[in-house]
Amino acid sequence: MATAKRIGVLTSGGDAPGMNAAIRAATIVGSARGAEIIGIERGYRGLLEDAIVSLTPGDVAGILREGGTILGSARCPEFHQREVRDRARAVLANRGIDGLIVIGGNGSLTGALRLADPEELGGQRLAISGIPASIDNDLGLTGLSIGVDTATNTIVEACDKIADTATAHDRTFIVEVMGRDCGYLAMASAIAVGANLALFPEAGKPEAEIVEEIVETVLTLRNRPRRNRRVIIIKAEGVSIAIDRLKAQVDARLRDKVPGADPSGIETRVTVLGHVVRGGRPSAFDRLLGSRLGNVAVRALLAGISHRMVAWMPPVELAPEIAVRSPADPYCWLVDLVAVLAETDNLLKGKTSLARWRAGAFSELEDALLL
Ligand code: F6P
C-alpha cells in the first residue's frame, strides 16, 4: 500500500489515560516525517459530523500529562450500518485523508476494520492503524492496552485508603471496579492491594456460591489477631450480581451465622469506584506506552503498512503470517487486525490459551489471597 500523506487521528469508546500520549507521539513523529496530521473530534461520531481540527506539534504540547483525550471520545453504535460508514468515508475523501489512526478498544478497532474494508472502499485509498486503549485490558494479542496501568494504580490508591478505615473498625468492604466483562483489573488490583478475595466474571460462579465464599472469608478473618481482621473484597463489575443485592445477602447470612453480633461490626460496607477508575493523570508507564504505540502506528502508515494493530509485548507466540515485529520498536508488534479481533472475541468467551491461563491463575490466586 502507498504511504499515507494526510493522516487522521481519532479516539473512540471509553477514554483511557495515556490516549493523549499516543495522539502527541503520532503528531510529532508524523509531522517530522512530512505527513499532515489531522485530529478528528469525538471518535466516529465526530467524523460523521466532519469535526476536524489541526494537529501540529504545537497543538499537542503539554497534553502528555492530561487524562482523558483532547480529541474527545464517543460511542457510535450506528457505525455498524454500511450507509453510515459510507458517509464517514465520504468525509475522509472530501478532506483528502488517506490514513487513519484509531485509538480505542474492541468496538473502535472493529469500526476501523469495517471502515477500511476494501470492498466497501471501492477505489478509495484509506490505510488504517489501530492502537489498543481500554482500561479493561480485554483486547487480544497485546500484553497491555493504554490506560490499564493508571486504572490499576487508581484502584490501589483508593483501596489503600479504604483499608485504613477497614482496619480501624475491623470491617469488611466490597469494592466494585470497572472492567466490563473482564476480571483483569479486579484481579491485578487485588494482588497489588493485598485484598482477601477477588470476584471476577471468568469464574462463572452462581450467586449463592459467591455469597457463601464471602461469608466464609469474613468468618475466617474475624478470628485473626487484631489489626489483621479487616476484609477487602474486590468485585469486578462484570460479576452479574448487583452490589446492593450482594451486600444484602451477605449481611443476612452473617447475621444468621453470628447471632447476637453487633450489626455495625459485622455488616459489610460497599464502595463503587465507577468512572473514577477511568480518569486522572496517566501514570509514567501509560505515558511511555502511549508514546511508543503512537510512534509505531504512524510509522506503519508512513511505511505503507495498513490494517494492523500495534501490540505491546504480545503474551503469545505470533505466526509470521499475522504479525511482524516493528522495526521502530522491538517491544511492539504490528498484528493483523482481523486476527486481533478474532482473538479478542475468543478471549472474552474464555476460549484462548491466555483466557485459560488467566482463569487458572485467578482461581489459584483466590486461595492465595486469603493466606
Ligand atoms: O470499556 C471501558 C469502560 O470503562 C468499562 O470498564 C465500563 O463497563 C464502560 O466503559 C462504561 O461505559 P460508559 O462510560 O459508557 O458508562
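Helices (H or I, at least four residues) and strands (E, at least two) are DSSP runs, numbered from the N terminus. These legends describe a predicted model, in which local features need pLDDT of at least 70, side-chain atom pairs count only at pLDDT 80 or more, and totals for chains, interfaces and linings use all residues. Residues are numbered from 1 along each chain as its sequence is written, and side-chain values use heavy atoms, with hydrogens and water left out.

**View 1. Thr352 in the loop between helix H12 (337-348) and helix H13 (353-370).** Thr352 is buried, with a relative accessible area of 6% (buried means under 20%, with a 1.4 Å probe and protein chains only). Setting aside neighbours within four places in sequence, Thr352 is in contact (heavy atoms within 4.5 Å) with Glu343, Asn346 and Leu347. A polar atom of the Thr352 side chain lies 2.9 Å from the backbone nitrogen of Ala355. Look also for Gly140: 212 residues separate Gly140 and Thr352 along the chain, yet their C-alpha atoms are 9.1 Å apart.

**View 2. The cavity lined by Gly140, Leu141, Pro315, Val316, Glu343, Leu347 and Leu354.** Searching the whole structure turns up 1 cavity of 30 Å³ or more, and the largest cavity has a volume of about 40 Å³. Here a cavity is a set of points, on a 1 Å grid over the protein atoms alone, where a 1.4 Å probe fits but cannot get out; lining residues have an atom within 4 Å of a point. Points are joined across faces, edges and corners, and the volume is the space filled by probe spheres set on them. The lining has 5 nonpolar, 1 polar and 1 charged residues, with Pro counted as nonpolar, Glu as charged and Gly as polar.

**View 3. Ile101 in the largest nonpolar core.** A nonpolar core is a set of buried Ala, Val, Leu, Ile, Met, Phe, Trp, Tyr and Cys residues joined through side-chain atoms within 4.5 Å. This one has 82 residues, and Ile101 is among those with the most contacts inside it, as are Ile7 and Leu246. Helix H6 (residues 148-169) gives the most to this core, with 9 residues. Beyond four places in sequence, the contacts of Ile101 include Val9, Ala26, Ile131 and Leu301.

**View 4. Ser326 in the loop between strand S11 (323-325) and strand S12 (332-336).** Ser326 counts as buried, at 6% relative accessibility. Its side chain reaches the backbone nitrogen of Ala328 at 2.9 Å. Not counting residues up to four places away in sequence, Ser326 touches Val296, Cys332, Trp333 and Leu334.

How values were computed:
On a 1 Å grid over the protein atoms alone, a cavity is a set of points where a 1.4 Å probe fits but cannot get out, and a pocket is an open set with protein on both sides within 12 Å along at least five of seven lines; lining residues have an atom within 4 Å of a point. Buried means under 20% relative accessible area, exposed over 50%, partly exposed in between (1.4 Å probe, protein chains only). A polar contact is a pair of N or O atoms within 3.5 Å; within protein, one must be able to donate a hydrogen and the other to accept it, and residues adjacent in sequence count only if both atoms are side-chain atoms.
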